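Here's a quick briefing on the model below. Take a look at it first, then read on for the overall picture and one residue in more detail.

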Amino acid sequence: MLRSPVRLTSLFTTPKRSALVCVSLRRAWYTTGTREITDTEIKIDDKVYPKDAWTNISETTLSRVGRKLHLEPRHPISIIRQLIEDHFANWTTFNDLHPVVTTKQNFDDLLVPKNHVVRNKSDNYYLNETTMLRAHTSAHQLEGLRSGADKFLISGDVFRRDEIDSSHYPVFHQMEGLVTFDRAEAAAQVQADLEATGMVQKAARVQVVDDTTITPSNPIQPTHDPKDVEAVSAHLKYCINSLVSKLFADEPNLEVRWIEAYFPFTSPSWEVEIKYKGEWLEVLGCGVVQQPLLNNAGMEGKIGHAFGLGLERLAMVLFDIPDIRLFWSRDERFLQQFEPGKIQKFKPFSKYPPCIKDMSFWLPTAEWEENNFCELVRDVAGDLVESVKLIDDFTHPKTNRRSLCYRMNYRSMDRNVTNEEINEIQERVRDAVAKEFTVELR
């Protein structure tokens, strides 16, 4: 839904980078359980997907398919999911949908234009031109609508190519909710639901900052009655304000700020922030569902609202987890700190020293896609690479050749790494980068 230091939401996000074709280096054949990559095909859970020019999934990312951190009861990601599901106790939940979807599900069903930047290869993992790992839980929105449920939550792991630092990872977890009402009785149904669930009372302790208005840039849809939109929007805001109140129960003087936003599948739309430890923190994106989405599900007589949020961001904030890689740790010193239903602050069990390496190279052309570079580094170095940061971008005044220098910070979350070990990894990274991008190493 929106872009942030950690992926917060579903499709309420617009990647910032342009496309560039890149096929990651990989061995001729890779196997992990029921996931296989060969020269011609990819196999995931007994289904085979032929490779083509769009294929760009890496070994490292494929190995994460099927972990389902959001379903491990003691895991912080799962604890946040459970708390949200408990808050919306009378909603239907879908939390075990398969992550392989069609590009139609991921984009077209959500009214994303064919030329929209969100489709870029450099931001997504494609199995082939028509199949991909879902980039957001919104890919299942149409399934949810066709299920017959008038209120539902979808949660799951999602996959996007991205930079490397302590708050970004190629796999993360999202949850979104969608509610529909009969257009002929929307106001009455909203009132009845608010009374039945007590959302108004649950949201009472939140101090709301909301000066948003309907504007031409954030309009009511032409087919909607303004009174229905007003009722549905009120339901949405009580749902979100009460949820924030539940999750941040220990935060004194809790403030929630609503901001006008734009998303291709809702209108009007909003982003939501909370004031946490004195700073405004992005939480989610939301809005009134575009009527064509409901019509495509055979729900012409319905009106609804949707919201989406990122579970990692909430877990890192609420549990004080400093590095997103910790979520993927199998170290019992991490997992045994948490209990279902409770938010407990993480107690660091170690802080191993970093090992820093720089890499400089001349580019063959002026074009450069950093996402693809980071993906290759992560594929070679795995979770030992903590961050990758551009520290110098130089263009020679006479030749116009462009040189880049990246600083790579290597650190294990659960052991010391030796300089010799990192030197070996760095050499493999250098070789892979030189071969994949035809750069001239310096």
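**Burial and overall build**

Buried residues, meaning those under 20% relative accessible area with a 1.4 Å probe and protein chains only, account for 57% of the 442 residues in the chain. Keep in mind that this is a predicted model, where local features need pLDDT of at least 70, side-chain atom pairs count only at pLDDT 80 or more, and totals for chains, interfaces and linings use all residues. Residues are numbered from 1 along each chain as its sequence is written, and side-chain values use heavy atoms, with hydrogens and water left out.

Fold and dimensions
- The chain has 12 helices and 19 strands, taken as DSSP runs (H or I, at least four residues, for helices; E, at least two, for strands) and numbered from the N terminus.
- Its radius of gyration is 23 Å, close to the 22 Å from the globule rule for 442 residues, so the chain is as compact as a globular protein of that length; the radius is over C-alpha atoms, and the rule is 2.2 Å times the number of residues to the power 0.38.
- Along the principal axes, the C-alpha atoms fill a box of roughly 70 × 50 × 45 Å.

Contacts
- Of the contacts (heavy atoms within 4.5 Å) between residues at least 6 apart in sequence, 71% join residues at least 24 apart.

A look at N296
- N296 sits in helix α8, residues 291-296.
- N296 is partly exposed, at 43% relative accessible area, a class that lies between the buried cut-off and the exposed one of over 50%.
- Beyond its neighbours within four places in sequence, N296 contacts L142 and R146.
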